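Please walk through this structure step by step, starting with a helix and its cover, moving on to strands and packed helices, and ending with the aromatic rings.

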Amino acid sequence: MKSRKRNLCLLLAGFMAAGLGLAGCKGDRDRDGKIEIELVQFKPEAIEVFEQLEEEFNRTHDKIHLTIDSPNDATTILKTRFIREDYPDIIGIGGDINYSYFVDSDILADLSDYPGLSSIKPAYLDILDGLEFVPTEGMFGVPHAANAAGVLYNRTMFQEHGREIPTTWGEFTALCQKIREAGIQPLYFGFKDTWTCLAPWNALAVDLAPADVCRQVNRGETNFTKEYRETAEKIKELTAYGQEGPFAYGYNDACTAFANGESAMFTIGSYAVPQIKSVNPDMDIDSFVLPGSDDPDGNVLNSGVDLLFCVMDACENKEAAYEVLDFLLEHDNVQFYLDEQNAISCKDEEFQLASMLDGMKDYITAGKMADYQDHYYPSEMSVDAQIQTYLINQDTDGFLAKFDKDWLRYNRDIIQKVKDYERQNGQ
């Protein structure tokens, strides 16, 4: 327990300084003779979904009572609770660097014995494995839902002009040029909100850089100046097909402009569709993979684990927690979540997908996908802001040099951990 506490203090330092007045202890483990299971999930936009799932679970289960909490800024709240060793039984989080920290802190239960893992698509299990700083024996999360990013396009506009979906970078830039010549804006960006810069960056990087590039850099095998140069050059080229002054417009502006037909395409993820539809409910939206290279066979879907469930190592009723996971993975419950959140299932079954994912179905079915590169970036590095600054200044060499310098600065502990692991294992 002391080593766990020490790891948490090292990795999650600073959250206690926020002075958040958060939950102390969970209270009784028993409610009317039932086993009490607490699940804390991080998606506030899915509160109503989880409220209905909680109600259905408790209606259909006699021996377990499930409480699902969906607080704002759940990740910060969870980290603060972990410092206090006040653990829920299950957490619902994203497949990003926070998952990496939690695995490294030894606070998640090994779920290798959970039968439901066999129903998960191998590609998404591989994505979770890839997030570990160093190889760790066991499986610590159950991927539940994913999203996809690439290019959303106005299907009606494409059909009216006989546009074909591009499969190479050359075809994509030629398409942008044809759309512009027809008097239509090809793309619209919301780069005032720095996080939106990551959408085209990630979608290009999955085609142009190794999926495990961050691990390779941590092992000292390469650097970002080499591996990210083509990505950097092409995202800079991409901005030429957007509106003037993209840094004056935010995410909501871009969604509204695309919804109103001010652009034919929008380089963003499927998660933006609800916002777009709130402006134009009747808009016919489809999507395609952003082709970063000139090899059609090299196209890869940018898809990551948007929601996964982990059982905490401190959970006193692992069998009951597994029963909750079984319920969440039931076909009808997964379909309900997909319908409400426009998501992709990580479960290897046939599900009805939202129509805006029609152009990505072949990649989803084949499991031809790679994780978002930014899921490996430490938040302190502020890569989104770095990309925004780069797109303003257009200095590729300076941007890449800073990326390498900052990576070594903000990942020095992880890099040392990798070195120690390889030394101990004779690698």
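A residue is called buried here when its relative accessible area is under 20%, and exposed when that area is over 50%. The model to which this is applied is a predicted one.

With that cut-off in hand, helix α3, which spans residues 74–83, turns out to be mostly covered, since nine of its 10 residues are buried. The buried residues of α3 are A74, T76, I77, L78, K79, T80, R81, F82 and I83. Just after α3 comes E85, whose phi is positive, at about 55 degrees.

Burial also marks strand β8, made of residues 285–288, where I285 and S287 point one way while D286 and F288 point the other way, and all of them are buried. Strand β6, residues 151–154, runs antiparallel to β8 and is joined to β8 by four bridges. Within this pairing, Y153 has D286 of β8 as its bridge partner.

The next step is a pair of helices. Two packed helices are described by the angle between their axes and the distance between the axes. For helix α11 (residues 229–238) and helix α17 (residues 383–393), the angle is about 60 degrees and the axes lie 10 Å apart, and the crossing of α11 past α17 is right-handed. On the side of α11 the contact is made by A232, E233, I235 and K236, and on the side of α17 by I387, Y390 and L391. Sorted by kind, the residues of this contact are five nonpolar and two charged, with no polar ones.

Y390, which takes part in that contact, leads on to the aromatic rings, being a member of one aromatic cluster together with W201, F224, Y228, Y377, F399, F403 and W407. Across the model, the count comes to 27 aromatic pairs, where rings pair if their centres lie within 6.5 Å. Why is the pair of F224 and F403 described as tilted? Planes under 30 degrees apart count as stacked and those over 60 as edge-to-face, with the rest tilted; the ring planes of F224 and F403 stand at 55 degrees, with the centres 4.8 Å apart, and therefore the pair is tilted. This pair links distant parts of the chain, as F224 belongs to helix α10 (residues 224–227) and F403 to helix α18 (residues 396–410), 179 residues apart. F224 counts as buried because its relative accessibility is 0%, and F403 is likewise buried, with a relative accessible area of 0%.

Definitions and conventions: Residues numbered from 1 in each chain as written. Predicted model: local features only at pLDDT ≥ 70, side-chain atom pairs only at ≥ 80, totals over all residues. Heavy atoms only, no water. Phe/Tyr/Trp six-rings, centres within 6.5 Å; stacked < 30°, edge-to-face > 60°. Helix = DSSP H or I, 4+ residues; strand = E, 2+ residues; numbered from the N terminus. Buried < 20%, exposed > 50% of the residue type's maximum accessible area, 1.4 Å probe, protein only. Axes fitted to C-alpha atoms, helices over the stretch in contact; angles between N-to-C directions. Left-handed = near helix turned anticlockwise from the far one by under 90°. Contact = heavy atoms within 4.5 Å. Nonpolar A, V, L, I, M, F, W, Y, C, P; charged D, E, K, R; others polar. Pairing = 2+ DSSP bridges.
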